[in-house]
Amino acid sequence: MAHSVGMLGQECFDLKNKAIAHLLDYSFIDEIPTIDYSLLFSKDHNERAKSLEHLGKACQDFGCLYLINGVEERVVEGALKGISDFFELTNQKERSEYLKKNSMDRIRWYLRSDAEENRENLKIVTHPEYHCPSKPDSCKDTIGEYLKGMHEVELGLAKAISTTLGYEETYIEKEFKLEAGFDVATLNLYPPSLQSKGSTGLAEHTDPGFFVSLIQDVNGGLQVLSHKGNWITVNIPRNTIFIGIGDHLEILTNGKYKSHIHQVILDNNEVKRISMATLHGPSLDTFVAPAPGFIDDCHPPAYRGITYNESLELNGFDEIDVQSSLIQLQMPLSL
């Protein structure tokens, strides 16, 4: 046991060193940056300034990052156990009780297995009110504890990202009305490749909202498209949360911080994989448009403004589907 603890300690040490190394040298190419959440609020002015600079570059150059020291490892592991228990300790008939009933569903189950998508998932609205199946017992409490911690991280990242944009810390929180933000978590079960009916777990797409956070039990399948145009395989280190910029931060910043394109490929998946992606969004009534500070003669508005609720329903989807409408919101290019 002592050896195990030592290994975990060494891993955490290595991750922190990696984050600091990236602060000092940003010459790496197409390697997802690692951000130490604790350093964003360091009392050491120089350390905090370097961390914020690194965060800004990660948002602008990649649209995604690995976050360490955000939510306790115990809490993350508990949430993954809760997700696993949901799929393992219930049968498909029980889960199908959450099939679509109406447009205002707050819990919805989904199963698809074809050439374009292979996964089973459960979507739950988690904020401003938390919804989750009551069975199994281990599911609701463990996932809820993680989401509570992640909401605190969301507000912290809002402060840090606002600072990188040159605004006061409360800028994004106010613009998006995050205290009443509409968050949806998707609990995913991806089959191993030998059981899938195609190589695609989930086709390439972007996500709406402020950002998406992701935890998973094993690596394999998730890929992000770098802003340089290369597909990067996402290998999330232990005790790390993947963070990806959402469409509505791209809209607010008029394209300065772009949402990331990602997909799930099952070709090399030898075992099943579980994950939870949480879309952290503005409040449903928030009107999101390019902010004046990101508009000038060289950068006219690139997107039309619309409320968050309207954007989620723009393509005929329901709020809980949290589907992107970024392409439809783009303004036509003027010649």
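Predicted model: local features only at pLDDT ≥ 70, side-chain atom pairs only at ≥ 80, totals over all residues.
Leaving aside neighbours within four places in sequence, which residues is Tyr167 in contact with?

View 1. Leaving aside neighbours within four places in sequence, Tyr167 is in contact (heavy atoms within 4.5 Å) with Ser162, Gly293 and Phe294. Tyr167 is found in the loop between α5 (137-164) and α6 (171-176); helices (H or I, at least four residues) and strands (E, at least two) are DSSP runs, numbered from the N terminus. With a relative accessible area of 28%, Tyr167 is partly exposed; buried means under 20%, exposed over 50%, and partly exposed in between (1.4 Å probe, protein chains only). Gly293 is 126 residues from Tyr167 in sequence, and the two are 9.6 Å apart in space, C-alpha to C-alpha.

**View 2. Helix α3 (residues 73-88).** The end C-alpha atoms of α3 are 22 Å apart, which agrees with the 22 Å that its 16 residues should span at 1.5 Å a residue; the expected span is 1.5 Å times one less than the number of residues. Buried residues of α3 include Glu73, Val75, Asp85 and Phe87.

**View 3. The crossing of α3 and α5.** The two axes come within 8 Å and cross at roughly 145°; axes are lines fitted to C-alpha atoms, for helices over the stretch in contact, and angles run from 0 to 180 degrees between N-to-C directions. Residues of α3 that meet α5 include Arg74, Gly78, Gly82 and Phe86, and those on the α5 side include Ser138, Thr142, Glu145 and Tyr146. The residues of this contact divide into 8 nonpolar, 4 polar and 3 charged; Ala, Val, Leu, Ile, Met, Phe, Trp, Tyr, Cys and Pro count as nonpolar, Asp, Glu, Lys and Arg as charged, and the others, Gly among them, as polar.

**View 4. The largest nonpolar core.** This core has 60 residues, and those with the most contacts inside it are Tyr146, Ile161, Ile172, Phe210 and Met276. A nonpolar core is a set of buried Ala, Val, Leu, Ile, Met, Phe, Trp, Tyr and Cys residues joined through side-chain atoms within 4.5 Å. Helix α5 gives the largest share of the core, 11 residues. Another core, of 25 residues, lies apart from it and has Phe62, Cys64, Phe182 and Tyr190 among its members.

**Notes.** Residues are numbered from 1 along each chain as its sequence is written, and side-chain values use heavy atoms, with hydrogens and water left out. Local features need pLDDT of at least 70 and side-chain atom pairs count only at pLDDT 80 or more, whereas totals for chains, interfaces and linings use all residues.

Terms used
Left-handed = near helix turned anticlockwise from the far one by under 90°.
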